[in-house]
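My plan is to jot down what I look up, one entry at a time.

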Amino acid sequence: MQFNTVLRASLLACGLCASTMAIGQEKTGNKEGFSLAPGTVRIMLMRPVIQVGEQSTGGMYEPNADWTTQARENIAASLHDAQSKLGNQITSYAETASGEEPVITQYSHLFGTVADSVIEYQFFPGNRLPTKKRDKGFDWAVGPGIASLKSLEGADYALFITTRDEFGSTGRKVLQIFAAMGGVSVTSGVHTGHAGLIDLKTGELVWLNADRQMGGDVRTPEGAQKRVKQLLEGFPGKPVETAALAGK
Amino acid sequence: MRYAFMIAVIVGASSSACLANALISPGPHAAIAQSRLSATPDGQWNRLSRRDGKNVELWTLDGDSLNKVTFFGGIPVGKPLLREIDKKNRPLPKVMSNMLITDIPALLESTYRSQFSVNQIQIETQEPALLDGNKGIRFTYAFTRADDEVLRKGEGIGAMVGGQLYLVTYEAPSLYFFEKDLEKFHKLITTLKL
C-alpha cells in the first residue's frame, strides 16, 4: 500500500515537472535593443539544414533519405513564397567560386547547435546557466569570424533555418500507449525547428525563433508551408507585424 | 491520494532543485566528480546538473554543446567512461587494469564512436604529461557527431592512479568556441590536484 502511494506520487511528480517545463518554455528571443525597419537591410537566406527520419522504439533517430528530399523541396518552395513578404531584401545564398562552401556548411550546423543551446539553457528558465542568468540578456553568437566570409559580402544579416523531424515509428507509438496505460510519459516524435538572424558584422545572434515541438508535416507541401510560417513568426521587420504593432 | 499529492509536490520540488545548474565560483573546489579530484578555477563556470556517469562531472560556459569540460574522476577497472545508454547493442569499452597511458586517448575514441555515433574522430597529438605529479598523457583530438555534424576539437589530460582512471577533457566547436575558451581550460588544468 505504502509502495503504491510512493509510486503514484512519483509518477505525479514526474508529470508535474514535465508540465512545468512545458509551460515555462519560451520560444522567441532577441538581442536587447535589436529591431529592424522594413526596407533597410539586406538579408542572406542560407541554405536550410533539413533532417527527416524515424524515431525507433528505443528513441534512436534513423534518417530517411526520401522524406528528407521531399521536405527539402517543400520547404524550399514555401520559403521562396515567404521571402518576398519579410519586409527586407532577402537573397538566397548561392555557391560562389570563393571555396567557402565547407565553412558555410559548418556555420549552418553551428547555428543549429547554438539555437538548440538557447532552447536548452535560455528558453527553459529553470535550466538557465548561472553565469548567464545575471544580466538576463540574450548573449549568443557564432563568432565574429563569419564577418570575413567573401561569399556573404554585401549582406547585413544571415537568416539560418534548421529543422529536424523524427516521426515516431509504429513500435514507438505502441510503446507510448502502453507507457501511458502504466502512467509513464513517453514522447513519440521530435519536431525541432530553428530560424535565426546572425549579424554579419559581429556574428551575434540577434533574433531566434525555436521550438522542439513544431507543427506541420514537412513531407507535404501544406505541412511545409505551416512549418515555414511558424518558423518565421515574429520575423523582425515584417511589414504586417510592424503595422500591427504600430496600431497597438 | 491526498498524501500521494503531497509527496508528489515534495518530490517535484526537490527534483526541480536537483535539476538546477550550479555556479562554480573562482577558488578551490574539491570532490569533483565524487572523487579526490580538485581544481581551483580563476573564473566562473557552470556545473551542469546532468551527470553522464557516476564519476563524471560537466562544467560549461555556454552549454555543453558549445564548450564542455568533462571530469572523469577515478573510473575504476571494469567500468566504462560514461553511463551506457544501450548496453546490449552499443556496449562501451571498459577501463582495464593493464591499461597504458597511451591507451587513454584510444579509450575515449572508442567510447565516443559507440555512445555519440561519432563517425569521424582523430587523435591528433599526444605527449607525456604529469597530472598532479602522476605520469600521464596530454592529447588533442577532433571529431564530428552524427546528430549535429559540427566539427569539434578537444584536448585532454589523463593518468591511471591507484588503478583508477582520472581524465579531464575540454571540447568545443572548432569554429569560434574552441579558441574562445581554450586558455581558461589550460589555466584550469594547471590547478588539478588528486
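**Entry 1: chain B overall.** Before counting anything, I needed a cut-off: a residue is buried if its relative accessible area is under 20%. I also noted that this is a predicted model. With that cut-off, buried residues make up 49% of the 194 residues in chain B.

**Entry 2: helices and strands.** I found 3 helices and 10 strands in chain B. Going along the sequence, I wrote the pattern down as α-β-β-β-β-β-β-α-β-β-β-β-α. I checked contacts too, taking those in chain B with a separation of 6 or more: 47% of them are between residues 24 or more positions apart.

**Entry 3: the sheet.** In what order do the strands of the open sheet in chain B sit? I read off β1-β4-β5-β6-β10-β9-β8-β7, which is 8 strands with antiparallel pairing. The edge strands are β1 (22-24) and β7 (118-131) of chain B, and each of these pairs on one side only. Neighbouring strands in this sheet are turned by 25° against each other on average, ignoring direction.

Next I went through its partners. Strand β6 of chain B (residues 68-76) runs antiparallel to β10(B), and 8 bridges join the two. Across this pair, B:Pro76 stands opposite B:Gln164, and B:Ile75 stands opposite B:Leu165. Strand β9 of chain B (residues 151-161) is also antiparallel to β10(B), with 10 bridges joining them. Here I spotted B:Arg152 opposite B:Pro173.

β9(B) and β10(B) form a hairpin with 2 residues between them. I checked B:Gly162 in that turn, and it has a positive phi of about 60°.

**Entry 4: a helix over the strands.** I followed helix α2 of chain B (residues 103-115) and saw that it lies across β6, β7, β8 (134-145), β9 and β10 of chain B. Helix α2 runs at about 155° to β7(B).

**Entry 5: over to chain A.** I looked for a nonpolar surface patch and found one of about 450 Å², made by A:Val174, A:Ile177, A:Phe178 and A:Met181. A:Met181 belongs to helix α5 (residues 170-181) of chain A. Is A:Met181 buried or exposed? A:Met181 is exposed, because its relative accessible area is 64% and exposed means over 50%.

Key
Residues are numbered from 1 along each chain as its sequence is written. Chains are lettered from A and ligands numbered from 1 in the order in which they are written. This is a predicted model: local features need pLDDT of at least 70, side-chain atom pairs count only at pLDDT 80 or more; totals for chains, interfaces and linings use all residues. Side-chain values use heavy atoms; hydrogens and water are left out. Patches are made of residues with over 30% relative accessible area and no salt bridge: like charges are joined within 9 Å, nonpolar side chains (Val, Leu, Ile, Met, Phe, Trp, Tyr) within 5 Å. Accessible areas come from the Shrake-Rupley method with a 1.4 Å probe; for residues, only the protein chains shown count as cover. A salt bridge is a side-chain nitrogen of Lys or Arg within 4 Å of a carboxyl oxygen of Asp or Glu. Helices (H or I, at least four residues) and strands (E, at least two) are DSSP runs, numbered from the N terminus. Buried means under 20% relative accessible area, exposed over 50%, partly exposed in between (1.4 Å probe, protein chains only). Two strands pair if DSSP finds at least two bridges between them. Axes are lines fitted to C-alpha atoms, for helices over the stretch in contact, and angles run from 0 to 180 degrees between N-to-C directions. Contact means heavy atoms within 4.5 Å.
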